[in-house]
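These are my notebook entries on one protein model, written down in the order in which I looked things up.

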Amino acid sequence: MKIRPIRGMNDVLPDDGALWSAVESAAQAVFDAYGYRQIRLPVMEHTELFSRSIGETTDIVQKEMYTFTDRSGASVTLRPEATASVVRAGLSHGLFHNRQQKLWCSGPMFRHERPQKARYRQFHQINLEAIGFAGPEVDAEVIIMSARIWERLGLESPRLELNSLGTPECRAGYREALQAYFSAAGDVLDAESRERLRRNPLRLLDSKDPRLRELIAGAPVLRGYLDDDSAAHFQRLTELLDDAGVAYTINPRLVRGLDYYTRTVFEWVTDRLGAQGAICSGGRYDGLVAQLGGRDTPAIGWAMGLERVVELMEEEGRRQPARPPHAYLVIAGDEARRRGLGIAETLRARVPGIRLTMDCAGGSFRSQLRRADRSGALLALILGDNELADNSLSIKPLREDLPQTLYSLEEAVAELLRVRDNSP
Ligand code: ATP
Ligand code: MG
């Protein structure tokens, strides 16, 4: 019986590898340009880290975590998101001690959600975290950086939505207003929504239940409850984004699915991916470092969903051009087979950047040439007994109707340099 993959966990196949790399390289180029450094973290943490930071009443903690007991009896969880781990790591190593940190990381996240297009159980994020900055300049910086990534990728559909959640104190008054509003709606709410209303009414604004859409659209907004400092912070952020030419809309009902957010929250959305429109989401988490045992430390970050960005690249027709080998080395005869590897090494060293595939499957000369052709290579390099005898190499162009030619090794190097410089 064939072993099947786990539901909601995907293989990224070679045809898609280039597209994934393109997205990752674009992000890394932006991180480098802004002085953000990479941190690499384990995919598993003590369960408590997530339940305490993300919030006991969130969907993630209540029903989406991959939590199990390991062989030593500890409760561990496959990370559903990265920010808690970044803060944990910073505290473990004293990274926030009288210092600020501009960091990024990437890797798989795990949530036991209902799999559907652009919603998976193992998915990948690229995360940016700026820790120790009160902003709002840094809020603008991290948002501008995300805009620069879309620009580099040539993506046109992402739109930015912004909101401020203020401080936990000003949210208390807002909670009550929401409770009053949604209670009046009575029986539209199912048991789960009523539970949310009781424990964490802001969660209702984030509900994906279509029956609640109209109700949510009429709900009171937090704006009126914002404290002066949060309001000024938000105002300044919008000015900085205006100055930078980054367009946004203020969505006064934008909240996030994690409890630790304060003040600025934002989401990049597209309408080209159906219901799963959020491709990058983030916000300020000024209370989290202290909540996990550190000093009071302001911070902000975002997480980009790689699968969704890759799918959007395809949707917007930004597939990466294939990069077939420049040359494919065909080998005839036992002696040539013995020496071929060394000659291929020499050519790769002499022609940096050349993509040279060596035939490792053997078989007849004809079948090797067929494979060379199928590989998409521009040239077949042919190494047989004749070529070996006088240190030469035959080259047969595969994409043009030109004859096979015998070259000295030096001439072959020159020819490969030329092909390398004239092809993408
Ligand atoms: P959504 O509202 O779509 O459930 P979220 O608010 O749960 O997203 P975050 O926890 O903020 O998302 O994660 C950041 C980003 O990670 C999202 O904007 C999205 O692009 C991506 N993401 C989240 N959950 C999934 C998933 N199950 N599969 C694929 N990508 C995901
Ligand atoms: Mg979610």
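Predicted model: local features only at pLDDT ≥ 70, side-chain atom pairs only at ≥ 80, totals over all residues.

Entry 1, a helix pair. I looked up which residues join helix H1 to helix H12, and found that Asp16, Leu19, Trp20, Val23 and Glu24 of H1 meet Leu306, Glu307, Val309, Val310, Met313 and Glu314 of H12, where contact means heavy atoms within 4.5 Å. By class I noted seven nonpolar, no polar and four charged residues in this contact; Ala, Val, Leu, Ile, Met, Phe, Trp, Tyr, Cys and Pro count as nonpolar, Asp, Glu, Lys and Arg as charged, and the others, Gly among them, as polar. H1 spans residues 14-33 and H12 spans residues 306-315, and the two pack at an angle of about 110° with their axes 10 Å apart. The axes are lines fitted to C-alpha atoms, for helices over the stretch in contact, and the angles run from 0 to 180 degrees between N-to-C directions. H1 and H12 are therefore roughly perpendicular to each other; angles of 65 to 115 degrees carry that name, those under 35 count as roughly parallel, those over 145 as roughly antiparallel, and the rest as oblique. I recorded the crossing of H1 and H12 as right-handed, a term for a near helix turned clockwise from the far one by less than a right angle, with left-handed for anticlockwise.

Residues are numbered from 1 along each chain as its sequence is written, chains are lettered from A and ligands numbered from 1 in the order in which they are written, and side-chain values use heavy atoms, with hydrogens and water left out.

I counted on the assignment of 16 helices and 16 strands to the protein chain; helices (H or I, at least four residues) and strands (E, at least two) are DSSP runs, numbered from the N terminus. The radius of gyration is 28 Å, whereas a compact globule of 424 residues would have one near 22 Å; the value is taken over C-alpha atoms, and the globule rule is 2.2 Å times the number of residues to the power 0.38. Along the principal axes, the C-alpha atoms fill a box of roughly 90 × 55 × 45 Å. Of the 424 residues, 51% count as buried, meaning under 20% relative accessible area, with exposed over 50% and partly exposed in between (1.4 Å probe, protein chains only).

How many residues of H4 are buried? I found seven of the 10, so H4 is largely enclosed by the rest of the structure. The buried ones are Thr83, Ala84, Ser85, Val86, Val87, Ala89 and Gly90, and their cover includes strand E2 (44-46), H2, E5, E6 and helix H11 (288-291). I then followed H2 (residues 47-54), whose axis comes within 10 Å of that of H4 (residues 83-92) and crosses at roughly 115°. That makes H2 roughly perpendicular to H4. Leu49, Phe50 and Ser53 of H2 make the contact with Ala84, Ser85 and Arg88 of H4.

The axes of H6 and helix H7 (residues 191-199) come within 9 Å and cross at roughly 150°. That makes H6 roughly antiparallel to H7, and H6 passes H7 in a left-handed crossing. Also in H6 (residues 168-185) I looked up Cys170, which at 10% relative accessibility counts as buried. Leaving aside residues up to four places away in sequence, Cys170 touches Leu165, Tyr225, Leu226 and Asp227.

The peptide bond from Gly135 to Pro136 is cis, with omega near 5°, and Pro136 is found in the loop between strand E6 (122-131) and helix H5 (137-153). Ala118 is not a glycine, yet I noted a positive phi of about 65° for it; Ala118 sits in the loop between strand E5 (101-110) and E6 and, at 3% relative accessibility, counts as buried. Arg263 also has a positive phi, near 50°, and lies in strand E9 (residues 262-269).
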